[in-house]
Amino acid sequence: MEKSPETRRYKNSFLNWIEYRLPIISYMEKEYGDYPMPKNCNYFWSFGALASILLVVLIVSGIFLAMHYTPHTDMAFDSVERIMRDVNYGWLLRYMHSNGAAFFFIIVYIHILRGMYYGSYKYPRELNWILGVFIYLLMMATSFLGYVLPWGQMSYWGATVITNLFSAIPVIGEGLKTWILGDYTLGNATLNRFFALHYVLPFVIFGVVGLHIAAVHVHGSNNPTGIDIKSKDDSVKFFPYMLVKDTLATCVLGVVIAVVIFFGPNLMAEVDNYIPADPLVTPSHIVANWYLAPFYAILRAIPDKLGGVTLMFGAILILFVLPWLDTSKTKSCNYRPVYKWFMMLFFVNFFILGYVGMKPAEGIYLLIARLGLIYYFGFLLVLTPLIGKIETPKSLPASISDFFMNKGNNIKESKSETELH
Amino acid sequence: MRILLIAIIFLLPNYNLLAENSNSSKPKHKWSFSGFTGTFDRASVQRGLKVYREVCSGCHSMKLLYYRDLIDIGFSKEQVKAIAADYTIIDGPNDEGEMFERPARPSDRFVSPFANEQEARVSNNGAYPPDLSVITKARKNGVDYLYNLLLGYKEPPEGFEIGEGMYYNKWIEGNQIAMAPPLDEGYVDYDDGTENTLPQLAEDVVTFLAWSAEPELEIRKKIGIKVILFFIIFGIIIYLIKQRLWRDVN
Ligand code: HEM
């Protein structure tokens, strides 16, 4: 049973020593060295890596911020300003963290849309998708909690609005709300626990991301054609081929983020959050974090509080079952002439929902929000199952390498349908 | 898909701006510290401090500032000591358990005009003059807004119901503000011979407040340019490597 220590795999004896006791070296080699990527993956496949990098940036900057932050209602606002003024490069930490969070959402949104457009959620990657939606939920919770910490006006009133939602739940609502707040009103007890949770959740996200990536690597990445790797010709090794693309993408992201962090660090911030929280003064309109705005729009589109809350959570939870709502076998929208356009409209619609989510819920904005809401659910619950049944997909290329060779030319129409499935 | 991505990348950071009420009608002023390389005009910040000390500090605190911060805007240690010594703060308790008064030191925070919010309200008809430390960050388009506000006092238009003790101002939400026009031509005498017209006073005090809200602005931009250059140069190198590597694949 015992393997002889002579089974050497690596020249370096230290690596060998480790490998023999914990085969982590070969694991890394398999997952990030030789891991086969479809050759035709475009830069949308770099967004997962970008999100991972941002997650690390957020965790590191967050830990340093926490060293100087004081979670007390009387001191939180000033301690944040103290970080900005008196801690060496504290402004950089804070702006990296706040803008990093915003970009994290932008990146993850693109990552999710990529998954939807190219059908990455379908067999055999359903679990991978579910873990992704789970990450997204955790991200929303984390960013909400983090937004409360500076204890500015928007922190206070945003948290008031969101925690009030829980009281809409019948029977247990009020009790649940008090349990979450740790008090009858939003106060010091709340701020303390929100800080504790905001500190721990990112590590939970980190863990789930680990599972999420391990899950992709089992069956390999999807690609713009949506067909599987069939031969060695179809793929390239992660190292160095994909790594170099991911690094290039990181540089581009670096430029964009640096422009914002260093030249417009408050562009994405709410001005009211530079006013200390005041329970007696309600801001003229309470807006959601812009990256959560689409769901805020759905919440306010319904006149009934419980209904709004249900639909808002429903809008996210429904994503869990997307793999089973979609009845089409064809993955990539590039080969789905009808669904493709409805998918595009879904993206645009999501964007519009976000826009009205930041406007007062009245008049034309309310109307748009309602139409957007109908399309959101209509697309997922009706169009997706239906179009999969009636649409005739375009013929797929014979293999990835075949597609890759003909990139730019139109895909050969001669391939018969049956040959492909 | 590619076009969509580009659209998203460019639109998202502006999302907030899009959602704001269109501010385009508000006049914009030219500031020494705007743009990619702008820096604070030291003389203007120093004049602004004088305006703050002689006018605004009668009602508004700036609690986040220390006197020692003034070294950043070109004052010497001695000058800062002298400025701080103009103010009295209550310290203590001392060895006898008593609170006592002493002149402020550079390591003290700016002394507030009122002991607490209640006292401030009583002296201002019930209105609360907000702390000005980060005021330019606490209003949309803060610097331009403040500048316009200070110059924006007018006679109310025909039929405008103005509240008791309120003043008409074009730029404040609801068009009435509880602050009497704080500045006018000649309110503050400058030592450096700059003309003390109203627009000049307003520009200087706003420049001072902008510095106070973002004292890191200059170093931030300086580092920013280096970081951007780093990513561009590193990116070009990576791009060349990538082209080389993928040539074989293609
Ligand atoms: C913390 C946030 C996230 C990180 C760090 C992350 C990271 C990654 C990485 C590194 C990959 C492999 C590379 C790639 O294909 O891009 C990946 C793949 C994937 N992710 Fe995520 N992800 C995150 C959130 C999400 C979310 C919220 C979803 C969906 C709701 C999602 C859905 C997917 C899918 C479907 C794949 C497989 C894509 C394919 O093979 O085509 N991810 N993720």
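User: What makes B:Asp192 and B:Arg47 a salt bridge?

Analyst: The closest N and O atoms of B:Asp192 and B:Arg47 are 2.9 Å apart. A salt bridge needs a side-chain nitrogen of Lys or Arg within 4 Å of a carboxyl oxygen of Asp or Glu, so this pair qualifies. The two partners come from distant parts of the chain, 145 residues apart: B:Asp192 sits in the loop between strand E4 (176–177) and helix H7 (198–213) of chain B, and B:Arg47 in helix H3 (residues 42–54) of chain B. Helices (H or I, at least four residues) and strands (E, at least two) are DSSP runs, numbered from the N terminus.

This is a predicted model, in which local features need pLDDT of at least 70, side-chain atom pairs count only at pLDDT 80 or more, and totals for chains, interfaces and linings use all residues. Residues are numbered from 1 along each chain as its sequence is written, chains are lettered from A and ligands numbered from 1 in the order in which they are written, and side-chain values use heavy atoms, leaving out hydrogens and water.

User: Nice! Which class does A:Gly100 fall into?

Analyst: A:Gly100 has 2% relative accessibility, so it counts as buried. This glycine lies in helix H5 of chain A. A:Gly100 touches A:Leu54, A:Leu58 and A:Tyr95, leaving aside residues up to four places away in sequence; contact means heavy atoms within 4.5 Å.

User: How do you know that A:Asp86 and B:Arg68 form a salt bridge?

Analyst: Their closest N and O atoms are 3.9 Å apart, and that falls within the cut-off, so the pair counts. The count between chain A and chain B is 1 salt bridge.

User: How much area is buried between chain A and chain B?

Analyst: About 5,000 Å² is buried, with carbon and sulfur atoms giving 75% of it. A:Arg85, A:Phe263 and A:Phe351 supply 15% of the area that chain A buries against chain B, more than any other three residues. Buried area is the accessible area (1.4 Å probe) that two parts lose on being put together, summed over both. The contact takes 55 residues from chain A and 53 residues from chain B.

User: What makes A:Asp326 and A:Lys122 a salt bridge?

Analyst: The closest N and O atoms of A:Asp326 and A:Lys122 are 3.0 Å apart, so they meet the rule too. Across the interface of domain 1 of chain A and domain 2 of chain A, the rule finds 1 salt bridge.

User: Where do those domains run?

Analyst: The assignment for chain A gives domain 1 (36–224 + 233–286) and domain 2 (288–392); the bounds come from an automatic or database domain assignment. Their C-alpha centres lie 22 Å apart. Domain 1 of chain A gives 36 residues to the contact, and domain 2 of chain A gives 38 residues.

Conventions. Buried < 20%, exposed > 50% of the residue type's maximum accessible area, 1.4 Å probe, protein only.
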